[in-house]
Amino acid sequence: MTEGEQPLGLRERKKLETRARLVKVTLQLAGERGLENVTVDDIAAEAGVSARTFFNYFPSKEDAVMHPDPDPVGQTRKVAAALLAAPAELSPTQAVVVAMRPYVDRFDEERDEWLTRISIIERDPGLIVRMFSTQRETEQILVDAIARRTGLDATTDFYPLLLFKVVGGAMQAACQRWHELGGSVRMSELFDTAIDTLAGGMPVPTGTAVIEGKK
């Protein structure tokens with residue numbers, strides 16, 4: 001809970017707990033059987049709720065895999081607000097990284113769930129297409145925030161979109177490597193390495209690279 005937010009009541013907490021349980025069960029069953037071999041009835045039965053209850057939280061089993069947060073747009077707006085509130089002495093890239101830090105840290109905090117989620121998505125081309133198509137709204141929120149931070153126009157100036165794509169690309173590369181390593185290296189460490197490499201002008205690495213699983 002961030003500063004200024006009101007504590008959740010009992011009803012809201014129970015709803016979040018039910019949603020989290022449905023997500024966990026969906027990931028567990030889909031990870032074991034493949035999402036195509038899991039039904040909403042399977043998920044509901046394993047979670048101890050009715051199928052109707054499942055649909056109160058998610059339109060489909062795919063949404064239970066891909067959208068664990070009840071309000072992804074609201075979460076993105078928090079990232080945008082953090083970006084705009086970042087200390088003025090930080091560069092635009094540093095401000096974006098600071099704002100994204102809580103999201104990056106979730107990969108380490110919810111390691112097993114995210115490893116399973118990524119595996120499920122990678123096995124299903126339909127989920128990959130869906131992931132990119134649903135990112136447009138949240139992407140624009142952050143591009144607009146970068147534009148405000150830099151005093152540029154998100155529509156006519158290239159920089160806000162370019163910066164978002166560069167940092168987002170670093171995030172995707174770190175996430176892919178993190179998944180390949182089975183979460184044995186912290187996601188935050190991989191992300192920081194990616195950002196530092198970009199900031200350094202993408203020099204070719206020399207010497208041993210512990211982060212690549214080598215000694």
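Arg-33 is partly exposed, at a relative accessible area of 40%. Here buried means under 20% relative accessible area, exposed over 50%, and partly exposed in between (1.4 Å probe, protein chains only). This is a predicted model, where local features need pLDDT of at least 70, side-chain atom pairs count only at pLDDT 80 or more, and totals for chains, interfaces and linings use all residues. Residues are numbered from 1 along each chain as its sequence is written, and side-chain values use heavy atoms, with hydrogens and water left out.

**Exercise 1.** Find the salt-bridge partner of Arg-33.

Step 1: Recall the term. A salt bridge is a side-chain nitrogen of Lys or Arg within 4 Å of a carboxyl oxygen of Asp or Glu.
Step 2: Name the partner. Arg-33 pairs with Asp-42, with the closest N and O atoms 3.4 Å apart.
Step 3: Asp-42 is partly exposed, at 28%.

**Exercise 2.** Which parts does the pair Arg-186 and Asp-108 tie together?

Step 1: Confirm the contact. The two side chains form a salt bridge at 3.5 Å, N to O.
Step 2: Arg-186 sits in the loop between α10 (159–180) and α11 (187–199), and Asp-108 in helix α6 (residues 92–109), so the pair ties together parts 78 residues apart in sequence. Helices are DSSP runs (H or I, at least four residues), numbered from the N terminus.
Step 3: Arg-186 is partly exposed at 48%, whereas Asp-108 is buried at 15%.

Notes
Helices (H or I, at least four residues) and strands (E, at least two) are DSSP runs, numbered from the N terminus.
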